[in-house]
Structures are given as C-alpha cells and as structure tokens.
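Open the structure in your viewer and keep the selection tool at hand. We will go stop by stop.

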Amino acid sequence: MQLSTEEAVRTDDLTSGLDDKPIVLDENARQVDWARSFHGLSTEAFSKEAAEALLAPIGLDDIEVKPDGIVYLPEIKYRRILNKAFGPGAWGLAPRGETIVTAKAVTREYALVALGRLVSVSRGEQDYFSPEGIPTAVEGCKSNALMRCCKDLGVASELWDPRFIRKFIAEHAKEVWVEHQQTQKRRKIWMRKDDQVKYPFKIYTPPAQGSGRSNNSKY
C-alpha cells in the first residue's frame with residue numbers, strides 16, 4: 001500500500017521514537033530504577049511452587065498453529081502462567097528504552113520483573129501496515145517481549161524444541177487448500193486438525209487430475 005506524502009512524513013518522524021522514554025529516578029531514590037537496574041538478577045531460585053507453575057508442561061489444547069506452520073502459545077496464556085506462579089501484581093514489564101517506530105515495525109526493550117527482582121530483558125517487535133495501526137503494534141510489541149522474557153523462566157519451553165514441534169505438527173496439525181471468498185485466490189495453510197477454516201477463507205478442493213476431460217473423449 002502506497003503511503004500519502006503526509007503519512008510518509010509522519011511515519012518518518014516516528015523512526016526516532018514515540019518520545020516515551022522511561023522515567024529516570026534520582027540516584028538516591030529508594031525505588032529501583034528498572035529502566036537501568038539489574039537488581040536481584042540470579043540472586044536465588046524462586047520457590048518450588050512457583051517453579052512448578054512456570055515449568056509445567058503446556059497443554060496440547062493451548063497450542064495454536066499459524067497459517068505458515070509456526071506453533072505458538074497465545075500471549076494471554078503467558079500472563080496466566082505468571083499470575084499462577086507469582087500472583088497478580090507480583091510481576092510486571094518495565095520498559096528499558098524508548099519505542100522505536102520504523103517504516104514497517106515497532107520495537108522496544110522491556111525487563112520482566114517478578115517479586116521485586118529482575119528476571120530477564122528482551123526486545124519486542126511487531127509489524128504494522130499503516131500509521132493507524134501503530135498503537136495496536138505497540139501493544140503487540142510488549143506481548144512479544146513478554147513471550148521472549150518468559151523463555152528464561154522455562155515457560156512453554158517445548159515450543160522452542162524442534163523435536164517437540166515436529167511431533168506436534170505431525171499429530172495435531174494439517175495442511176489444507178483454502179480459497180479467499182472475495183479475491184478467489186487460493187493457497188495452502190496450516191491449521192490444527194480440530195480447527196475449522198475461518199472467514200474470509202473457505203476450504204478449496206482441487207479438481208481431480210483429468211476431471212476436466214469431456215465424457216465424449218475417445219480413447
């Protein structure tokens with residue numbers, strides 16, 4: 001999609017950031033400045049109960065499949081696991097820098113803090129297709145950073161294991177032909193075996209080879 005001159009200028013102006021730098025606390029303040037601090041990193045293991053919640057195997061019903069075949073856990077389920085392990089309000093994401101907006105994507109670095117300790121730092125990213133989509137992309141960027149930070153806690157570690165992924169795809173996913181109901185464009189997509197194709201797509205069944213031959217054809 002071609003951006004208008006006004007939109008292009010507005011987007012270019014954002015590439016230096018959204019002017020949302022984290023607040024820098026005074027050196028003598030009693031609060032921890034999570035925009036810079038590594039306070040509590042690796043000081044001790046979390047409790048046995050917290051570790052069990054974090055490292056619990058992911059339920060197969062929770063895993064989703066993208067059209068390109070990538071398996072993933074919805075971001076809300078990472079939040080549920082953290083709430084179960086630490087309790088609502090006992091963990092959070094602290095921005096470590098300003099939001100950077102390029103011509104096609106949003107990116108920002110976040111720190112995952114739990115029980116007053118830094119757990120992990122990771123940079124989130126999210127694509128967008130028009131300037132109006134930037135606010136939604138900013139939220140997607142935050143969720144992407146959360147997912148990446150959770151890797152250090154072992155949450156959903158199966159989804160980074162190639163053997164687990166291959167087995168899950170073989171047993172729980174399928175590749176199907178679909179047709180876009182408006183453009184009539186056809187392509188193959190991956191989906192869970194127990195899912196249904198959703199609008200605007202519909203199942204497309206390619207004609208059997210040779211089915212276009214006339215009944216009057218002579219052999």
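The tour below runs from the whole chain to single residues.

This is a predicted model: local features need pLDDT of at least 70, side-chain atom pairs count only at pLDDT 80 or more, and totals for chains, interfaces and linings use all residues. Residues are numbered from 1 along each chain as its sequence is written, and side-chain values use heavy atoms, leaving out hydrogens and water.

**Whole chain.** Colour by secondary structure. The protein has five helices and nine strands. Helices (H or I, at least four residues) and strands (E, at least two) are DSSP runs, numbered from the N terminus. Along the sequence the pattern reads α-α-β-β-α-β-β-β-β-α-α-β-β-β. Of the 219 residues, 36% count as buried. Buried means under 20% relative accessible area, exposed over 50%, and partly exposed in between (1.4 Å probe, protein chains only).

**Helix α4.** Select residues 134-150. This helix has 17 residues and reaches 24 Å from its first C-alpha to its last, close to the 24 Å expected at 1.5 Å a residue. The expected span is 1.5 Å times one less than the number of residues. Buried residues in α4 include I134, V138, L146 and C150.

**A three-strand sheet.** Now select β7, β8 and β9. They form an open sheet with the order β8-β7-β9 and antiparallel pairing. Two strands pair if DSSP finds at least two bridges between them. The edge strands, each pairing on one side only, are β8 (186-192) and β9 (201-203). Seven bridges join β7 (residues 173-180) to β8. Pick V176: its bridge partner in β8 is I189.

**A cis bond.** Go to the loop between β8 and β9, where P200 is found. The peptide bond from Y199 to P200 is cis, with omega near 15°. Most residues other than glycine have a negative phi, and most peptide bonds are trans.

**Two positive phi values.** Select S42, in the loop between α1 (5-14) and α2 (48-55). Its phi is near 60°. Is S42 buried or exposed? S42 is exposed, because its relative accessible area is 68%. Next, select L115, in the loop between β5 (105-114) and β6. Phi of L115 is near 55°. L115 is partly exposed, with a relative accessible area of 49%.

**Last stop: strand β6.** Select residues 117-127 and find V121 there. At 30% relative accessibility, V121 counts as partly exposed.
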